[in-house]
Amino acid sequence: MPELIVAEEDAGQRIDLYLSKVLKDLSRSRIQKMLNAGKVRAAGRVVKASYRLRAGEKIVYELPLETKIVLQPEKMPLEILYEDQALLVVNKPANLLVHPVGDVYSGTLVNGLLAHCTTLSQQASIRPGIVHRLDRLTSGLLVVAKTDAVHQDLVEQFQKRIVLRRYLVLVHGVVNEPGGLIQAPLGRDPHRRLHWTVVSQGGREALTYYRLVEQFTAYSLLVCDLKTGRTHQLRVHLAYLGHPVVGDSKYGFQNKALGLKGHGLHAWTLGFYHPLNGKWLCFRVSPPADFEEALQRLQSKKGIKFFKKGGKEDEH
């Protein structure tokens with residue numbers, strides 16, 4: 001069975017976090033299944049996820065058998081703003097998973113795309129076509145690749161920070177600054193395994209530009225541009241700024257403020273170069289009805305005028 005020796009700097013760390021760090025090819029769910037099944041031993045005895053490591057001790061683990069998942073096409077309404085032989089741009093509603101995760105492998109956007117498209121890129125077996133993601137409770141624009149070559153080109157555009165990703169964000173509190181750059185590296189929260197947090201060292205670079213659009217009595221409307229795409233980046237950065245996203249109970253407040261069904265976070269504008277012809281494409285889509293209704297309840301004439309009808313844009 002594979003073995004690991006705990007380094008001095010990893011002493012005191014939870015074993016589940018340690019394994020997630022060193023076994024990069026394994027998902028968190030597989031590591032959790034390993035631990036739950038008693039397949040991980042430290043110093044000769046079976047340990048649980050919360051076990052704290054000691055420097056120099058030997059970790060022995062047995063990989064669980066991975067059940068092959070065959071994704072099924074599922075017909076569902078898709079709002080497609082653009083489609084050709086290479087890609088499509090879709091407006092994802094809130095409360096829809098982009099792709100299978102954990103034990104959930106049906107009812108996702110991917111299942112709907114499989115029913116719509118005859119071909120999708122296959123660079124990831126349970127994420128066909130998916131180049132980038134949105135959180136389940138976040139609405140807005142996604143580009144989907146139909147071939148592996150197109151997928152790789154789009155991935156490189158994201159990596160080179162060419163892609164325009166602009167979000168409308170409704171946050172708690174009155175933001176007094178007209179805008180700025182949040183430059184704060186992100187890493188896993190050592191105390192909450194499924195959370196991310198701003199860290200002083202060892203994190204991944206994360207850059208978010210924000211601009212104030214409108215202030216309300218207890219809320220603010222922002223436009224945010226992502227220059228990096230870390231997990232939960234906008235949600236963590238804005239909470240770090242002291243203005244968590246409305247509806248985000250994970251990094252903000254538990255209350256269902258303003259009647260939103262999802263987060264007050266909408267992927268509003270998406271721009272990229274077409275992988276086949278090099279033409280700049282830019283799309284914009286209005287936020288969902290509950291988002292706009294929340295703004296109306298805040299008596300924001302300026303906010304409603306601010307949104308444009310969804311479709312193709314020329315902005316770069």
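This is a predicted model: local features need pLDDT of at least 70, side-chain atom pairs count only at pLDDT 80 or more; totals for chains, interfaces and linings use all residues.
Trainee: Let's start with strand β7, residues 139-145. Is β7 enclosed or open, and why?
Mentor: Largely enclosed by the rest of the structure, because seven of its seven residues are buried. Buried here means under 20% relative accessible area.

Trainee: OK, and how do β6 and β7 pair?
Mentor: Strand β6, residues 87-92, pairs with β7 in the antiparallel sense, over six bridges. If you want a spot to look at, find Leu87: its bridge partner in β7 is Ala145.

Trainee: And in which sense do β7 and β14 pair?
Mentor: Parallel, over two bridges, with β14 covering residues 265-273. There, Ser139 sits opposite His266 of β14.

Trainee: Switching topic. What's the strand order in the open sheet of four strands?
Mentor: The order runs β1-β4-β2-β3, and the pairing is antiparallel.

Trainee: Which strands stand at the edges there?
Mentor: β1 (3-5) and β3 (45-46). Each has a single partner strand, so one side of each has no neighbour in the sheet.

Trainee: What angle does α1 make with β1?
Mentor: The direction of α1 makes about 105° with that of β1.

Note on methods. Residues are numbered from 1 along each chain as its sequence is written. Side-chain values use heavy atoms; hydrogens and water are left out. Buried means under 20% relative accessible area, exposed over 50%, partly exposed in between (1.4 Å probe, protein chains only). Two strands pair if DSSP finds at least two bridges between them. Contact means heavy atoms within 4.5 Å. Axes are lines fitted to C-alpha atoms, for helices over the stretch in contact, and angles run from 0 to 180 degrees between N-to-C directions.
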